[in-house]
Amino acid sequence: MSILDIVINGVSWVSIVTGSIFLIIGATGIIRFPDFWSRLHAAAIVDSAGAGLLLLGMALQAGLTFVTIKLVLIGIFLLITGPTSTHAIANAAFVSGSRPLGDKSGKPVVPADVIEPPLTAEPITAELNEDLTSKT
Amino acid sequence: MVRLLAIGLGLFALWLLLSGLFKPLLIGLGIVSTLATLAIAQRMGLFKKANNDTQHSFVGFILYLGWLAVEIAKSNWSVTRIILAKTITLQQTLFDVPTSQKTDLGKVLFANSIILTPATITVETENKTFLVHALTEEAADLDALAEMDRRITTIEYDKGDA
């Protein structure tokens with residue numbers, strides 16, 4: 001075992017262990033934080049630091065093989081899908097009127113310029129009523 | 001059409017790379033899923049000719065990724081300190097961040113970068129400005145986000161300039 005192997009092995013183990021610690025920290029954050037919005041940030045740690053360091057450590061263990069290519073692909077997909085799903089959840093919460101604890105920005109619960117056309121149930125029920133009346 | 005073919009070949013190559021098996025059944029499944037993916041992408045209108053005047057520099061993108069990795073590490077550390085503190089103190093805010101990207105890809109890159117750095121999340125992207133949620137006052141740093149915005153915009157260049 002050459003010096004280089006020992007160094008690579010060491011770096012790999014350090015990043016796997018640190019990544020695992022970040023996973024635990026992220027999970028702790030999800031439990032300790034008070035509301036939905038702050039918990040999203042704790043989950044972001046799991047996504048970026050946790051998954052990133054674990055993948056790096058595993059890639060160093062595998063060396064220049066097919067496994068490493070697959071690990072890099074997993075990393076790329078995580079980089080794209082992680083933020084996208086976080087945004088989808090946050091956006092759904094915002095549009096349905098959830099606001100962070102202690103938010104002083106004064107953003108209206110249903111901002112007129114964000115939802116277009118306004119989400120009202122009236123046109124749909126009107127159509128349904130017409131259908132019902134036409135059948136009876 | 002050339003674009004569709006190139007993307008199809010790329011997707012099928014990805015299938016072969018990930019499967020590593022060359023049995024007729026698996027190759028057949030690969031072809032079917034490639035065609036299904038292309039059909040869905042076509043339906044979503046992803047192959048429509050976009051405005052090609054603004055291009056993206058690949059080297060610039062790689063350099064940006066390096067800078068982004070450092071930013072992610074820094075903000076990870078700040079959120080870790082908040083989580084492990086004895087008492088959790090948060091000052092959550094929603095605020096608007098101006099954007100200067102011309103292309104959709106640039107905007108996607110900016111919004112995703114904001115979310116990738118813990119302590120900030122892009123909530124709304126409908127308008128010219130993004131609505132961003134920050135965990136602390138310290139994270140709601142408009143100057144830092146303007147720096148990120150500037151760096152992404154430099155990746156975009158007009159065809160005439162290159």
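Biologist: Let me start with the cut-off: a residue counts as buried if 20 or more other C-beta atoms lie within 10 Å of its own. Is B:Ala119 buried or exposed?

Modeller: Keeping in mind that this is a predicted model, B:Ala119 has 23 other C-beta atoms within 10 Å, and therefore it is buried.

Biologist: Where in chain B is B:Ala119 found?

Modeller: B:Ala119 sits in the loop that runs between helix 4 and strand 3 of chain B. Its phi is near 85 degrees, which is a positive value in a residue other than glycine. As background, most residues other than glycine have a negative phi.

Biologist: And which residue just after helix 1 of chain B takes a positive phi?

Modeller: That is B:Gly20, where phi is about 70 degrees.

Biologist: Stepping back, how many helices and strands are there in chain B?

Modeller: Chain B has five helices and five strands, and from the N terminus on they follow the order α-α-β-α-β-α-β-β-α-β. Among contacts in chain B between residues at least 6 apart in sequence, 67% join residues at least 24 apart.

Biologist: What radius of gyration does chain B have?

Modeller: Chain B has 20 Å, whereas a compact globule of 162 residues would have a radius of gyration near 15 Å. The C-alpha atoms of chain B fill a box of roughly 60 × 45 × 30 Å along the principal axes, and 24% of the 162 residues in the chain count as buried.

Biologist: Which residues of helix 5 of chain B are buried, then?

Modeller: In helix 5 of chain B the buried residues are B:Leu145, B:Met148, B:Asp149, B:Ile152 and B:Ile155. They cover an arc of only 110 degrees around the axis, so they lie on the same side of helix 5 of chain B.

Biologist: Why would residues three or four places apart point the same way?

Modeller: An α-helix has 3.6 residues a turn, so residues three or four places apart point the same way.

Biologist: What covers that buried side of helix 5, and what does the face turned away from it carry?

Modeller: The cover over the buried residues of helix 5 includes strand 1, helix 3, strand 2, helix 4 and strand 5 of chain B. The face turned away from the buried side carries the exposed residues B:Asp143, B:Arg150 and B:Thr154.

Biologist: Changing topic, how many residues of chain B are in contact with chain A?

Modeller: There are 30 residues of chain B in contact with 31 residues of chain A. On the side of chain B that touches chain A, helix 1, helix 3, strand 2, helix 4 and strand 3 each supply at least two residues, and helix 3 gives the most, with six. By class, that side of chain B has 18 nonpolar, 10 polar and two charged residues.

Biologist: Which residues touch the most other members in the largest nonpolar core?

Modeller: In that core of 43 residues, they are A:Ile45, B:Val123, B:Val132 and B:Leu135. The largest share of this core, 11 residues, comes from helix 2 of chain A.

Biologist: What does B:Val123 touch?

Modeller: Leaving out residues up to four places away in sequence, B:Val123 touches A:Ala90, A:Asn91 and A:Phe94 among its contacts. Its contacts also include B:Leu94, B:Leu131, B:Val132 and B:His133.

Biologist: And what secondary structure is there in chain A?

Modeller: Chain A has four helices and zero strands, and 26% of its 136 residues count as buried.

How values were computed
Residues are numbered from 1 along each chain as its sequence is written. Chains are lettered from A and ligands numbered from 1 in the order in which they are written. This is a predicted model: local features need pLDDT of at least 70, side-chain atom pairs count only at pLDDT 80 or more; totals for chains, interfaces and linings use all residues. Two residues are in contact if their C-beta atoms, placed from the backbone, lie within 7 Å. Ala, Val, Leu, Ile, Met, Phe, Trp, Tyr, Cys and Pro count as nonpolar, Asp, Glu, Lys and Arg as charged, and the others, Gly among them, as polar. The radius of gyration is taken over C-alpha atoms; the globule rule is 2.2 Å times the number of residues to the power 0.38. A residue is buried if 20 or more other C-beta atoms lie within 10 Å of its own, exposed if 12 or fewer, and partly exposed in between; C-beta atoms are placed from the backbone. The arc is that of the directions from the helix axis to the C-beta atoms. A nonpolar core is a set of buried Ala, Val, Leu, Ile, Met, Phe, Trp, Tyr and Cys residues joined through C-beta atoms within 7 Å.
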